[in-house]
Amino acid sequence: MDIRDRNITQLLSELFSLKDKASLNLNSLAYLPRWLVLVIDLVVVSSTFIFTYLLFSGLKSHYFDLLNSGFMLGLYLSTNLFFFWWFKTYSGIIRHSSFIDAIKIFFAESFVFLFLFLLNTLFLFLKNEQLFLNSALLVNIVLSFSLLFFYRVIVKQVFEAFIKDSNNGNLINALVYGADANAISVSNALVAEIPSRFKLLGFIDKYNTHESKRILDLPILSQRKKVSVIMRNMKAEALIIADKGLTKEEKIAIVDDCLEHNYKVYTVPIISDWENQKEISKKIKNFQIEDLLDRKPIVLDNQMISSQINGKAVLITGAAGSIGSEIVKQLLDFSPKTIIILDQAETPLHELTLELQHVNEFISIIPVIADIRDKNSVERLFELYSPDLVYHAAAYKHVPLMEDNPSQAIFVNVAGTKNIADLSIQYGVERFVMVSTDKAVNPSNVMGASKRIAEKYVQSLYFNELKKNKGTTKFITTRFGNVLGSNGSVVPLFTKQINEGGPITITHKEIIRYFMTISEACQLVLEAGAMGNGGEIFIFDMGKPVKIYDLAVKMIRLAGFVPNVDIKIKEVGLRPGEKLYEELLNDTSKTMPTHHEKIMIAQELIEDYVFVNQSINQIVENANEYKHHLLVQRMKELVPEFKSLNSIFEILDK
């Protein structure tokens with residue numbers, strides 16, 4: 001290569017390097033101090049003062065008497081200084097100059113003109129001579145205003161140009177769905193944000209009412225075609241859904257359409273819900289799988305729940321788990337006197353305690369490390385704190401693990417529940433609310449059967465005690481399906497697998513499950529617990545069932561990948577005890593409606609307490625001996641509908 005070519009290449013490289021450095025420096029440049037902005041403004045008005053004098057001198061007119069030039073300049077600058085201070089024209093950040101800054105400067109310069117004009121008139125009246133030429137003063141003021149605002153606009157535009165240029169390669173080409181006030185506010189914020197994250201290409205209007213108009217000098221596109229077609233035509237990469245008038249069904253349809261064609265979709269909260277409107281793009285987040293559940297918001301009877309909880313001592317077992325911890329957090333809204341959080345897992349309980357430490361100083365949070373299998377330690381807790389309400393969420397719930405360890409399922413899910421239930425009777429607890437599962441319905445695994453046995457026990461115990469004492473503890477069972485985001489659910493597992501580059505593992509392509517969010521599940525637990533009269537098994541409306549394969553596909557697309565191309569989906573086969581379809585009712589059961597549309601009562605056969613209690617004692621004895629086949633056989637005798645699937649215990653059903 002010729003030496004001159006090398007020099008040219010080196011020069012170009014240095015120029016681009018300097019440009020990058022300029023962008024970086026501008027990006028990290030601190031704001032100018034106020035005094036420096038004020039000095040610049042005074043230099044500007046001094047320059048216009050001199051320029052006006054020279055302009056009118058060239059026209060054979062005199063702005064002022066040259067012999068008094070020092071006095072006149074001082075008068076002019078001091079007047080400007082006073083009104084700059086009065087209207088705080090120097091307090092704005094130059095790079096963020098706006099219409100408000102123009103108004104401040106306009107008023108400041110207008111008052112300068114008015115003051116000097118009145119002073120000139122007074123001087124003419126008293127001494128019959130003028131300090132300066134009024135027409136020249138007006139020209140001077142107009143020039144000052146123009147230059148003061150013009151240099152602010154120049155600084156702002158140069159700054160934005162450098163920042164946008166440095167970030168241009170990283171911008172996401174996006175369309176905004178919506179043309180209402182919320183969408184316009186979001187777009188304004190995104191356009192003004194520095195550094196930018198999105199390059200807005202236009203707006204999609206589902207009402208087709210603004211087609212010939214523009215917003216922020218961007219086109220408004222009518223939704224006469226599918227959103228994905230519009231995005232392809234506009235060469236957009238992402239859609240920001242900012243229309244607050246969309247129904248849940250419309251939003252899901254738009255998201256599905258975009259994901260199907262590998263477009264990114266973002267959601268943004270309503271502007272009025274923002275605590276801090278700085279760093280706008282951080283408010284714009286990817287859709288979570290929870291956002292796409294086809295479910296209506298839950299409306300709680302807060303007054304009824306509050307009447308049950310306000311001022312009471314509440315015990316939550318399994319409080320450090322995903323369901324238990326959410327129950328604890330929701331209970332805080334109803335002002336209990338004391339919340340006893342019990343769990344045998346030390347670290348999660350410690351973390352929950354730290355999280356709740358300063359939430360509400362009027363509610364006493366008492367963490368207790370204990371195991372519900374140890375009746376003596378739990379009884380000590382009842383003696384000390386005399387809980388009025390018990391929410392029993394402690395359980396072993398992983399199906400394959402419990403299939404391999406049936407004794408442990410009995411110790412915790414059956415014997416542990418029996419311990420808490422018996423102590424609730426003994427110590428006069430008002431209400432006992434047990435969290436159960438849809439796997440207790442026609443169980444196909446040890447875990448589900450153990451929960452069904454626990455349901456039978458608390459229900460039969462209630463009706464047995466009711467014969468002796470009308471004021472006994474009210475035992476209430478809540479039964480629901482899979483909870484999104486809970487420990488062990490597929491959503492965090494799939495998220496982890498996607499982050500690791502795949503593959504996502506599913507047990508069977510046709511497997512179907514009901515889902516609800518942790519928050520929804522716990523809201524309904526509180527509602528059912530408050531409405532129950534005792535002995536009920538409440539089941540929750542879980543919405544439409546979801547195919548796990550479809551869930552995996554949607555999560556991959558939400559993460560911005562192509563299913564089975566970027567992230568593989570691998571079938572690994574059904575696990576021991578796992579069904580293809582979960583149920584919320586036994587084959588022989590019926591439901592009764594309640595005042596809450598999402599909560600129903602399952603009409604299950606009520607077992608004789610003596611029979612259930614004796615059977616459980618026998619099962620616990622078998623569990624202590626770790627005679628697993630005999631143990632599971634006893635469980636099947638107590639729960640006749642328990643038929644093992646894909647398990648070593650299938651032989652017991654023959």
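Which strand does T338 lie in? The views below start with that residue. This is a predicted model, in which local features need pLDDT of at least 70, side-chain atom pairs count only at pLDDT 80 or more, and totals for chains, interfaces and linings use all residues. Residues are numbered from 1 along each chain as its sequence is written, and side-chain values use heavy atoms, with hydrogens and water left out.

View 1. T338 lies in strand 9. Helices (H or I, at least four residues) and strands (E, at least two) are DSSP runs, numbered from the N terminus. T338 is buried, at 11% relative accessible area. Buried means under 20% relative accessible area, exposed means over 50%, and partly exposed is in between (1.4 Å probe, protein chains only). Leaving aside residues up to four places away in sequence, T338 touches K312, A313, V314, S364 and I366. Contact here means heavy atoms within 4.5 Å.

View 2. E430 sits in the loop between helix 14 and strand 12 (431–437), and K312 in the loop between helix 9 (302–309) and strand 8, so the pair ties together parts that are 118 residues apart in sequence. A salt bridge is a side-chain nitrogen of Lys or Arg within 4 Å of a carboxyl oxygen of Asp or Glu. Side chains of opposite charge can pair when their charged atoms come close. K312 is buried, at 17% relative accessible area. E430 is partly exposed, at 33%. The whole structure holds 14 salt bridges.

**View 3. The buried face of helix 12.** Helix 12 covers residues 375–385, and its buried residues are V378, E379, L381 and F382. Why do these buried residues line one face of the helix? Seen down the axis of helix 12, they fall within an arc of 150°, so they share one face. The arc is that of the directions from the helix axis to the C-beta atoms. These residues pack against strand 8 (313–317), strand 9 (338–343), strand 10 (364–369), strand 11 (389–392) and helix 14 (406–426). S386 follows helix 12, and its phi is positive, near 40°.

**View 4. The salt bridge of R479 and E455.** The side chains of R479 and E455 meet in a salt bridge (2.6 Å, N to O). R479 lies in strand 13 (residues 474–480) and E455 in helix 15 (residues 446–468), so this pair links distant parts of the chain, 24 residues apart. Are these residues buried or exposed? R479 is buried, at 0% relative accessible area. E455 is buried too, at 0%. Salt bridges that share partners join R452, E455, R479 and E641 into one network.

**View 5. The salt bridge of D371 and R373.** The side chains of D371 and R373 meet in a salt bridge (2.7 Å, N to O). R373 is partly exposed, at 33% relative accessibility.

**View 6. Helix 10, mostly covered.** How many of the 10 residues of helix 10 are buried? Nine are buried in this helix, which spans residues 322–331. They are S322, I323, G324, S325, E326, I327, V328, Q330 and L331.
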